[in-house]
Amino acid sequence: MINVKVRLRPMVSKINLPTVMKTAILPGDSMERLFIATQVGEIFYLSNGVIRPFLDIRRRVIKLGSSGGYDERGLLGLAFHPQFYYNGLFYLHYSVEGTQGPGALSESFTPSPCDPRTLNLRWINRETQYDHIDTVEEWILQSNGQPQKRRTLLNVRRPFMNHNGVNSLNFSPETGKLVLTTGDGGSGYDPFNLSQDAMEIAGKIIEIDVVKNTGIPNPPVVTRFNELPIPIQETLSIMAKGVRNISGISYQRVHQQYIKYVGNVGQDLEEAIFSFFHYKPIPVTQLVQAASMNVHLDPEGFVNFGWRGWEGAFPTSFIRGCTNNPALDEKIIAFYNEAITTSVRRLQPLTSYYHRDPRSDKFSGTALTGVQAYMGHALPALSGSVVFIDLARKESQPQARGALAYTQVRQDGKQNDFSVINTDYDFGSQAAYYVSLGSNLDQTRLYLGVYGSMRVTDLNQGTVFEIVP
């Protein structure tokens, strides 16, 4: 893999946290417009270099930043129907205002291999012990140009503030279905092992058939698939499990097939990018029926990313200092039995990068915040690659700087290395957290969302760039 250098061209600045960047053609229009969704609940689009409002749902979104300013809730997903130009349909995923709860645990969680209680926790009293409620909704752009909500597809109760997914809604060009990525529910180390429990909505990649109308305008608030009414179950299938937290899913057409790229945010050791061609989703009705009959499903082609037993390519571990040598750290396997159980069934990552990397041509990362296939020719060295970003490389102190990198699928199917993409933009004394990555419809242009603070309460510090030669 060769070294690549690019420029960052500012497109719009002084906006709030840009969580999603996608293009669409408005009904009656002739050009793709770049749409930007912010975490606080705004959606804008760019028209001839001018930023214009599309939708403002800030009153519908939960109050953010109440605990020190950092937050992973808010407006997390925006997806336009493949026929948006004709039907005006688009979809939102956000955390609902007025649903704040006390959380599922009263204190922070760290597993201890010496204490079986920490390895077998259960989420109890779910109707009262939760953090917030997330919703997935269908909206329509009316003929008068005003968006209006049509129906709710899902209402999901979440145990903690974090790991709700980001850029969490995308349409599959293979199936035409809406794809939702949920995250494991938060805290750290997935305290209740929700990601491996197939009945839990948390920690999954879910396909939603939006063509089917359930006739249920306001679904019940649930945490498990078997709590859903049957008409809603019939719209859902599970594509994958073992998810910790995912920054969307990206599809790349190769001949007559699609590579799916997924980036799974790590815990303490590494961040992992996965790729796969084939999968066989499980209809939720089939899953629920098997569970009611106490029948174990072992479906062929079902994707498992391995969490919480595995953090990318390594068994999930926690790190503590060595008492006899402060210069060294001790890595302790957190969930040995679960690592063994999922070792064969899990998908191996395409590539990984690490929170501590001594190699001079790499970087030490913090959190994977975007994965995007690129099929353009303006950046020829990147054509056919998958580009990814990290929130802030650890070498960039005292001012935070995100990282941009790329990798490629090998023809032999083996894991690959990655290469850093160098940029020439001078952020000056301002922090530059790389918070989102997007593209246009045919994946020939790349957009980067950068923010100047890690607190959602520090407003108007965002800039959207186009990545150019």
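Five strands form an open sheet in the order S6-S7-S8-S9-S13, with mixed pairing. Here helices (H or I, at least four residues) and strands (E, at least two) are DSSP runs, numbered from the N terminus, and two strands pair if DSSP finds at least two bridges between them. Strands S6 (75–80) and S13 (221–222) stand at the edges, each with a single partner strand, so one side of each is left without a neighbour in the sheet. The model is a predicted one, in which local features need pLDDT of at least 70 and side-chain atom pairs count only at pLDDT 80 or more, while totals for chains, interfaces and linings use all residues. Residues are numbered from 1 along each chain as its sequence is written, and side-chain values use heavy atoms, with hydrogens and water left out.

Is Asn218 buried or exposed? Asn218 counts as exposed because its relative accessibility is 57%; exposed means over 50% relative accessible area, buried under 20%, and partly exposed in between (1.4 Å probe, protein chains only). Leaving aside neighbours within four places in sequence, Asn218 is in contact (heavy atoms within 4.5 Å) with Thr152 and Asn155. The side chains of Asn218 and Asn155 are also joined by a polar contact of 3.4 Å. Such a contact is a pair of N or O atoms within 3.5 Å; within protein, one must be able to donate a hydrogen and the other to accept it, and residues adjacent in sequence count only if both atoms are side-chain atoms.

A second pairing involves S15 (residues 246–254), where 7 of the 9 residues are buried, so this strand is largely enclosed by the rest of the structure. S15 runs antiparallel to S16 (residues 257–264), joined by 7 bridges, and Tyr251 has Lys260 of S16 as its bridge partner. The hairpin of S15 and S16 has 2 residues between the strands, and His255 there takes a positive phi near 60 degrees.

S15 also takes part in the largest pocket, giving the most to its lining, with 7 residues. This pocket has a volume of about 840 Å³. Of the 37 residues that line it, the closest to its centre are Thr23, Phe80, Phe171, Asn440 and Leu441. On a 1 Å grid over the protein atoms alone, a pocket is an open set of points with protein on both sides within 12 Å along at least five of seven lines, a cavity is a set of points where a 1.4 Å probe fits but cannot get out, and lining residues have an atom within 4 Å of a point.

The structure also holds 5 cavities of 30 Å³ or more. The largest has a volume of about 80 Å³, and its lining includes Arg151, Thr152 and Ile208. Strand S9 (residues 147–158) supplies the largest share of that lining, 3 residues. The second largest cavity holds about 70 Å³ of space. S8 (132–141) and S9 are the elements that give two or more residues to the lining of this second largest cavity, and the residues lining it include His93, Asp134 and Leu154.

Technical notes. Points joined across faces, edges and corners; volume = space filled by probe spheres on them.
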